[in-house]
Amino acid sequence: MAMAGLKPHHRIAVGVSGGPDSVALCVLTSEWKKDALIGIIDEKDGYIDGLLAIVVDHGLRKESKDEANVVYDRVSKLGVRCEIASCDWLHGRPKLGHLQEAARDMRYQILQNVCVENQISVLLIAHHADDQAELFILRLSRNSGVLGLSGTAFVSELFLTKIHYYGEESCTNGILLVRPLLDFSKEDMYEICQKGSILWVEDPTNQSPLFTRNRIRLSLRSLKVGTFRSEVQALISACRKTRSFVDRICSNLRSQTVTVNAHGYATIDVQKLDPSSVEDICLSKFFTLILQFVSQRHRPVRGRTSKLLLEYVRNFPIKLLEMVSLYLFISSVYHFFLLTSPHTSLTAAACYICPAPRSNGTKILVCCSVDSPSPSEVASSHKYFHEGNTHFMTNDVKDILMNAKSYSDCMVLPDASDVPFLQATTSESILGEAKKHHLLSESTHESIFLLQKEETKHFNAKTEVLVPAHESMLQIKSPSTHVRDAVGPGQFHHFMDRFLLMWRVQKQIMSDILPAGEIASNWNAELVCRDFPCSSCVVGQEATVRTMVEADWLYLARLSKGQTMESCQEGKVLSACKMRKIFSCSDYVRLSAQTALLMLKSIPLAARRGLPVLVNSQGLLLSIPNICFRYCPYLSVTATYKPRVPLGGGHSSFL
């Protein structure tokens with residue numbers, strides 16, 4: 001608990017399935033809280049203060065409800081407050097081949113929701129050493145590298161997909177997921193329960209060989225002699241040591257070379273990065289984290305895409321440009337080639353990557369690509385409903401992370417010479433290196449290889465069945481089909497997990513962001529009549545937020561020149577403008593468009609396509625809030641860049 005930064009006074013939830021693992025975790029956590037003797041028992045109900053057990057009833061078996069009630073009673077007798085949360089399968093029961101994965105996703109979503117409702121920012125999960133061994137074999141069969149073979153993190157940060165809006169900070173706060181039993185074996189779980197005379201339940205689906213994890217578990221069970229187990233755990237520990245080193249290098253590189261712009265894109269200083277001096281594994285992970293941040297994808301880049309990114313940065317044309325920098329003419333010609341050549345740009349993982357404009361090839365631009373192959377590749381959007389109370393997680397999480405950092409700062413961190421597997425690029429090479437460095441004996445190496453081979457065969461057969469040849473191609477959808485969301489006045493809307501957007505029509509002119517001093521001095525809010533906005537105004541009660549398209553730029557150019565506007569085609573003016581000094585609607589829009597065009601020129605062309613744009617039900621452009629364009633002086637639109645997941649993917653620890 002100390003390694004995770006946790007102290008007994010922190011509010012903690014425990015995921016309890018009723019099996020021996022989660023019951024043992026519940027016992028240990030309750031005893032840890034009791035031993036602290038800090039206001040432990042709540043006088044009202046006799047439960048341990050600040051500890052909640054959450055039982056998720058998946059509802060996939062007839063007896064699941066009765067089992068959940070049994071677990072509730074057993075946990076309550078330990079003095080732990082308990083809550084049962086049931087799954088609601090709105091789209092029907094998941095198919096057998098995806099049952100465990102769907103159940104896991106649903107379970108974590110419910111656990112997060114219950115934590116939010118109970119103002120808890122730490123969730124304990126009972127993953128243990130045997131689970132790590134199963135995951136190790138599973139990922140070996142998928143040909144994972146050393147980072148994947150490190151298993152699950154000791155601590156990771158979960159970022160909520162749907163939460164109530166408590167203020168701007170609430171969009172970036174996560175829940176800490178802590179796995180304090182990673183050094184415990186399955187036998188330890190049984191022993192803890194038995195010594196405490198506590199019963200547990202066994203899920204019969206955990207014995208079915210139809211599921212991958214179950215099949216691996218059954219295979220490992222026959223091999224879990226002392227030597228095999230200790231060697232596998234030693235190999236996993238070596239992988240985790242490598243991952244911790246890589247994470248530290250990536251953290252340093254991010255702080256030194258990456259700049260995040262308020263418009264939602266990032267630039268990488270290639271000169272400071274110096275790719276030639278960075279190990280492949282570190283450079284690949286560095287780029288993976290940046291792309292995951294910019295795109296706000298739920299899963300990181302892997303496989304071929306990761307190799308493509310590594311090749312791109314290794315061959316980035318900065319060196320060529322330096323060779324011709326003394327010759328102005330040649331440099332300008334090459335700069336033109338650099339920006340127009342298809343070989344200098346790359347679209348990957350819902351991001352567009354290219355040389356940053358006006359950087360002479362010394363910086364890389366990474367921005368969101370709205371032309372993603374699939375809606376699942378880009379971040380989702382959610383509506384937020386305002387709540388009056390202050391967000392509860394901020395102080396707890398900051399305090400816990402500070403405690404964890406104080407603990408880790410006392411540890412001796414390895415340097416590159418002490419880290420294994422930095423050069424290993426495949427699972428086979430990692431096993432070979434482990435054998436070479438005597439982490440694995442010949443017999444253990446052979447057993448792992450056979451398990452890997454068998455599970456790879458199952459995986460390949462499953463892939464052939466699930467992905468027929470005629471359905472293997474991804475459907476490509478235009479931005480307008482999936483990067484578009486309806487949003488009502490007064491609603492907070494987190495667009496594509498990036499921009500916190502809200503719009504409303506005001507009764508007073510928004511003079512604070514009027515586009516020019518001249519118009520601000522002439523538009524007088526006191527002269528506005530009650531029937532605002534004007535009778536010809538296009539602002540209504542319905543609006544849609546989408547990403548910016550090229551037509552928006554062209555439309556702004558037309559407006560800036562005083563050309564036709566749909567609402568002023570017949571020479572209509574603002575109905576409130578009855579005084580001679582008041583400008584017409586067309587004057588306001590013209591000046592607003594002129595100012596917006598100037599601001600747009602400072603944003604790279606590729607990055608503009610990720611900006612949120614507000615349009616009415618007829619598709620007419622109402623506002624581009626990031627550049628202060630508004631069609632109407634009574635329209636108030638704000639769009640604050642608030643990515644759901646921070647740069648670096650949030651806190652994690654592979655100690």
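Reader: In strand β14, which residues point one way, which point the other way, and are they buried or exposed?

Author: This is a predicted model, in which local features need pLDDT of at least 70 and side-chain atom pairs count only at pLDDT 80 or more, while totals for chains, interfaces and linings use all residues. Residues are numbered from 1 along each chain as its sequence is written, and side-chain values use heavy atoms, with hydrogens and water left out. In strand β14 (residues 492-495), Phe492 and His494 point one way, whereas His493 and Phe495 point the other way, and all are buried. Buried means under 20% relative accessible area, exposed over 50% and partly exposed in between (1.4 Å probe, protein chains only); of the 655 residues of the protein, 51% count as buried.

Reader: Which strand does β14 pair with, and how many residues lie between them?

Author: Strands of a sheet pair through backbone hydrogen bonds, either parallel or antiparallel. Here β14 runs antiparallel to strand β15 (residues 499-505), joined to it by 3 bridges, and two strands count as paired if DSSP finds at least two bridges between them. His493 stands opposite Leu501 in β15. The two strands form a hairpin with 3 residues between them, and Met496 in the turn has a positive phi of about 55°.

Reader: What is the order of the strands in the open sheet of 7 strands, and which strands stand at its edges?

Author: The order is β3-β2-β1-β4-β6-β5-β21, with mixed pairing. At the edges stand β3 (81-86) and β21 (652-653), each with a single partner strand, so one side of each has no neighbour in the sheet. Within the sheet, strand β1 (residues 12-15) pairs with strand β4 (residues 122-124) in the parallel sense over 2 bridges, and Ala13 stands opposite Leu123 in β4. Helix α1 (residues 20-36) packs on this sheet and touches β1, β2 (51-57) and β4, its direction making about 160° with that of β1. Helix α2 (residues 64-77) also packs on the sheet, touching β2 and β3, at about 165° to the direction of β3. Touching is contact, meaning heavy atoms within 4.5 Å.

Reader: What is the order of the strands in the open sheet of 5 strands, and which helix packs on it, touching β7 and β8?

Author: That sheet has the order β7-β8-β11-β10-β9, with antiparallel pairing. Its edge strands, β7 (258-260) and β9 (346-348), each pair on one side only, and neighbouring strands are turned by 20° against each other on average, direction ignored. Strand β8 (residues 266-269) and strand β11 (residues 363-368) pair over 4 bridges, with Val366 in β11 as the bridge partner of Ala266. The helix touching β7 and β8 is α7 (residues 226-257), whose direction makes about 60° with that of β7.

Reader: How do α4 and α6 cross, and which residues make the contact?

Author: Two packed helices are described by the angle between their axes and the distance between the axes. The axes of helix α4 (residues 129-141) and α6 come within 9 Å and cross at roughly 110°, the axes being lines fitted to C-alpha atoms, for helices over the stretch in contact, with angles from 0 to 180 degrees between N-to-C directions. The two helices are therefore roughly perpendicular to each other, a label given to angles of 65 to 115 degrees, whereas under 35 is roughly parallel, over 145 roughly antiparallel and the rest oblique. Among the contact residues are Leu135 and Leu138 of α4 and Ile216 and Leu220 of α6. Helices (H or I, at least four residues) and strands (E, at least two) are DSSP runs numbered from the N terminus, and the protein has 20 helices and 21 strands.
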